[in-house]
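The following questions and answers guide a reading of the structure shown below.

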Amino acid sequence: MGNRGDLHDKDGRIIRKRKSGNRRWIACSLSNDTGWRVPFDKPGHYTPLFFADEATAFAAGHRPCSQCRNSHYRLFQNCWRDAFVLPKAPSADDMDTALEAARIDAHGNQITRSMPLADLPDGVFLTLPEDANAPVLKWGEALFPWSLTGYGAPKTAQKTRFVTVLTPAPIIEVFRHGYRPATAILPERCS
């Protein structure tokens with residue numbers, strides 16, 4: 001589950017993609033081991049967003065929540081420290097500022113980049129040149145087509161191909177330094 005702030009008007013209609021000024025795009029759990037559960041009935045607080053899996057949330061530019069997913073947050077934070085050679089683990093504000101700059105441009109459009117498929121770690125979302133509107137998840141040697149109903153049968157592509165990468169650049173670096181997102185194709189955590 002994700003959070004981008006309160007996206008509703010007073011009548012409960014979604015009126016925006018994100019709350020202005022909210023850099024905290026987080027991936028939450030519906031509950032945690034202390035018994036805490038996500039409140040869905042607090043108008044004016046936040047709007048829960050649901051993702052197929054953690055890799056999908058990362059592709060949208062979310063990071064693990066420090067409250068309900070603390071162990072994942074700490075692992076992500078430490079992998080970020082290693083990826084960017086920092087003397088200590090970064091704060092949530094530091095990561096959120098970098099992620100905001102990496103996911104949306106000044107016009108509100110998703111930032112993407114062209115990269116060779118061979119340079120991408122597992123867990124990254126991308127599109128192929130022949131179908132720019134069909135995201136796929138890279139895992140191992142396979143590309144899994146994504147849809148609202150789940151992942152499709154795996155495909156392969158030449159590693160030397162250039163693809164359009166959807167996952168924000170800082171998250172790719174965190175993946176390269178040890179964070180392995182849970183996916184619906186491989187639900188157990190691989191880190």
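Q: Which element of the chain has the highest mean pLDDT?
A: This is a predicted model, and the mean pLDDT of the chain is 84, with 77% of its residues at 70 or more. Among the elements, strand E1 (residues 2–3) has the lowest mean pLDDT, 51. The highest value, 98, belongs to helix H4 (residues 169–176).

Q: Are helix H2 and helix H3 roughly parallel or roughly perpendicular?
A: Helix H2 (residues 70–83) and helix H3 (residues 92–103) pack with their axes 11 Å apart, at an angle of about 70°. Angles of 65 to 115 degrees count as roughly perpendicular. Therefore H2 and H3 are roughly perpendicular.

Q: How many residues of the contact of H2 with H3 are nonpolar?
A: From H2, Tyr 73, Phe 76, Gln 77 and Trp 80 take part, and they meet Ala 92, Met 95, Ala 98 and Leu 99 in H3. Of the residues in this contact, no residue is charged and 1 is polar. The number of nonpolar residues is 7.

Q: Which strands are the edge strands of the open sheet?
A: The open sheet has 6 strands in the order E5-E10-E6-E7-E8-E9, with antiparallel pairing. An edge strand pairs on one side only. The edge strands are E5 (113–116) and E9 (150–151).

Q: Which residue in E10 stands opposite Leu 126?
A: Strand E6 (residues 125–128) and strand E10 (residues 162–165) run antiparallel and are joined by 2 bridges. Opposite Leu 126 stands Val 165.

Definitions and conventions. Residues numbered from 1 in each chain as written. Predicted model: local features only at pLDDT ≥ 70, side-chain atom pairs only at ≥ 80, totals over all residues. Heavy atoms only, no water. pLDDT = per-residue confidence, 0-100. Helix = DSSP H or I, 4+ residues; strand = E, 2+ residues; numbered from the N terminus. Axes fitted to C-alpha atoms, helices over the stretch in contact; angles between N-to-C directions. Parallel < 35°, antiparallel > 145°, perpendicular 65-115°, else oblique. Contact = heavy atoms within 4.5 Å. Nonpolar A, V, L, I, M, F, W, Y, C, P; charged D, E, K, R; others polar. Pairing = 2+ DSSP bridges.
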